[in-house]
Amino acid sequence: MVTTLDVAHIKADFPILGREINGKQLVYLDSAASSQRPTAVIEAMDRVYEEQYANVHRGVYTLAEETTASFEAARARLARYLHAPSPSEIVFAKNVTEAINLVAYAWGRANLSEGDAIVLTLMEHHANVVPWLMLAEERGVELRWIPLTADYRLDLSNLDVLLDGARLVAVTGMSNVLGTINDIRALADAAHAAGALILVDAAQVAPHDEIDVGAWDADFVGVTAHKMLGPTGIGALWARAELLDAMPPFLGGGEMISDVRVDGFVPNEIPWKFEAGTPPIAEAMGWHAAIDYLEYVGLDAVQHHERELTEYALRALEERFEGRLHVYGPTTTDDRGGVISFGFDGIHAHDISQVLDDDAVCVRAGHHCAKPLMRTLGVAATTRASLYLYNERSDVDALVDSLVTAEKFFAL
Amino acid sequence: MPGLEDLYREIILDHYRAPRNRGVLPVPPANKHEGFNPLCGDEVLVYLQLGDDGTVEDIKIDGQGCSISQASSSMMSAAVKGKPSDEARRLIRAFKALMSIHESKLDGEQASGEDLEAELAGVQLGDLEALQGVVKFPVRIKCATLAWNTLQQGLDEVAPVT
């Protein structure tokens with residue numbers, strides 16, 4: 001029995017959602033770009049600066065020890081959310097982009113050379129494309145691309161050929177444009193059978209569901225706080241301990257060493273080996289509070305709510321605009337999240353977004369940092385509405401009403 | 001807050017719905033110049049055919065973009081077609097000056113009125129003045145200037161100022 005979300009109550013936890021823009025109530029439909037955050041997260045971070053702040057892993061005084069303990073408790077909290085065997089497998093990074101770059105530099109440059117192949121998909125975010133393009137340029141590594149089916153899912157019919165000679169499969173858990181949720185376990189099994197590792201960009205998965213890195217049988221997983229009610233500036237790489245142990249350090253500096261002499265250094269143990277410099281401390285505590293909030297609300301209830309709302313939105317768009325509006329993504333909610341990209345024939349996404357802004361409806365317009373995908377779809381830009389736990393039917397209704405205005409405005 | 005009517009003037013919507021000089025020119029004798037807006041993925045293609053004396057004998061616009069970039073490129077093509085390239089350059093400077101008023105204000109500077117007047121002196125912007133409303137929407141300025149920057153780049157390549 002899944003409990004129903006009390007969305008009005010949840011909305012009240014997010015002060016920014018009470019804001020008006022242009023005299024109208026804010027309708028926030030851009031959580032796939034960055035979510036908003038509840039009072040619990042904002043207060044947790046205030047509390048750090050007001051009551052319990054010092055640098056971590058340095059001082060021996062009480063305040064420093066307390067702060068270090070809270071910082072490491074945040075790491076342990078995230079490890080539990082990801083079902084990671086140990087907090088030592090959680091490396092804090094700036095975001096998923098930095099987490100993937102860490103793998104590309106530290107693991108990629110130590111392990112890959114000309115003749116090796118990396119398998120990507122045509123629905124990847126630039127964060128999971130450009131680091132590999134850079135590695136390909138530098139090392140002559142071959143990049144191969146899993147294509148899409150007509151219903152916006154991965155076309156795995158040729159996977160065996162693509163995996164032959166591959167060392168890594170790097171794939172998104174859920175497309176930030178299409179909403180498609182990929183079967184990571186199946187891809188992991190195929191990758192491992194071919195002798196390759198698998199990296200998962202879980203930026204769009206973690207906001208809506210606990211992750212079980214063991215059930216996925218993943219090797220590397222990147223997550224970021226700001227899309228899951230937490231602050232900006234902090235994300236994490238999870239990787240199996242033996243992989244992290246074998247990888248050379250990425251950034252050099254304080255914290256990541258156990259000894260430094262004038263002629264060399266000894267790196268610290270994992271995970272600190274990969275955490276050079278003072279980390280985002282209050283942000284770690286904010287992320288901890290965000291995960292607590294998500295689990296307090298209940299992730300089953302969040303998913304149930306989002307699924308119901310996504311169905312409502314897909315139906316409303318189809319009924320109101322029929323064939324004039326095209327949804328780029330699966331039309332049912334099976335293995336699909338609440339990210340809805342769409343376009344009108346002859347009306348540019350920027351123009352739609354501009355009219356929507358007049359009604360205080362916030363959506364994303366553009367290429368969504370996924371230009372290989374946009375080229376595959378044959379469009380320069382789409383408009384994207386993304387749903388989260390604090391959205392309700394009235395937000396979708398406001399979107400549809402505003403789209404009616406936009407369509408009239410730009411009618412040829 | 002500025003309203004939609006500040007941005008989408010009727011003349012802009014007219015150029016968007018019925019773009020002038022839309023299409024391609026054979027290369028050669030024309031030259032093709034590409035411009036990209038990395039923010040939104042918009043792409044403009046400017047086909048430019050200059051006479052021996054540097055006159056813009058023909059110009060065509062292709063590519064995809066929003067109403068502001070489409071209208072701006074349409075107006076630009078109409079404004080420079082048949083004009084000597086140095087006059088086209090003056091028009092580019094004047095138009096970009098028009099678009100930079102807001103940017104310089106954002107930078108905390110006073111809009112340098114004298115410079116602007118100097119750029120605009122003797123230049124007839126005509127319909128192009130309808131695009132002035134774009135400066136109230138800072139993220140859309142790049143949409144309006146994309147075609148102009150591409151034309152500038154094209155002129156610099158094909159008809160460098162000696």
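Student: Which pattern does chain B follow, read along the sequence?

Tutor: The model is a predicted one. The secondary structure of chain B comes to 6 helices and 3 strands. Read along the sequence, these elements give the pattern α-α-β-β-β-α-α-α-α.

Student: What order do the strands of the open sheet in chain B have?

Tutor: The open sheet has 3 strands with antiparallel pairing. Strand 1 (31–37) and strand 3 (56–64) of chain B each have a single partner strand, so they stand at the edges, and one side of each lacks a neighbour in the sheet. From one strand to the next the twist averages 20 degrees. The order in chain B is 1-2-3.

Student: Which residue in strand 2 of chain B does B:H33 stand opposite?

Tutor: Strand 1 of chain B pairs with strand 2 (residues 42–50) of chain B in the antiparallel sense, over 7 bridges. The residue in strand 2 of chain B that stands opposite B:H33 is B:V46.

Student: Which helix of chain B packs on the sheet and touches strand 1, strand 2 and strand 3 of chain B?

Tutor: Helix 3 (residues 67–80) of chain B lies across strand 2 and strand 3 of chain B, and runs at about 170 degrees to strand 3 of chain B. Another helix, whose direction makes about 145 degrees with that of strand 1 of chain B, touches strand 1, strand 2 and strand 3. This is helix 6 (residues 141–158) of chain B.

Student: Are helix 2 of chain A and helix 10 of chain A roughly parallel or roughly antiparallel to each other?

Tutor: The axes of helix 2 (residues 39–51) and helix 10 (residues 281–297) of chain A come within 8 Å and cross at roughly 150 degrees. Angles over 145 degrees count as roughly antiparallel. Helix 2 of chain A and helix 10 of chain A are therefore roughly antiparallel.

Student: Which element gives the largest share of the side of chain A that touches chain B?

Tutor: The contact takes 16 residues from chain A and 14 residues from chain B. Helix 12 (349–358), strand 16 (364–366) and helix 13 (371–377) of chain A each give two or more residues to the side that touches chain B. By class, that side has 7 nonpolar, 6 polar and 3 charged residues. The largest share, 5 residues, comes from helix 12 of chain A.

Terms used: Residues numbered from 1 in each chain as written. Chains lettered and ligands numbered in written order. Predicted model: local features only at pLDDT ≥ 70, side-chain atom pairs only at ≥ 80, totals over all residues. Helix = DSSP H or I, 4+ residues; strand = E, 2+ residues; numbered from the N terminus. Axes fitted to C-alpha atoms, helices over the stretch in contact; angles between N-to-C directions. Parallel < 35°, antiparallel > 145°, perpendicular 65-115°, else oblique. Contact = placed C-beta atoms within 7 Å. Nonpolar A, V, L, I, M, F, W, Y, C, P; charged D, E, K, R; others polar. Pairing = 2+ DSSP bridges.
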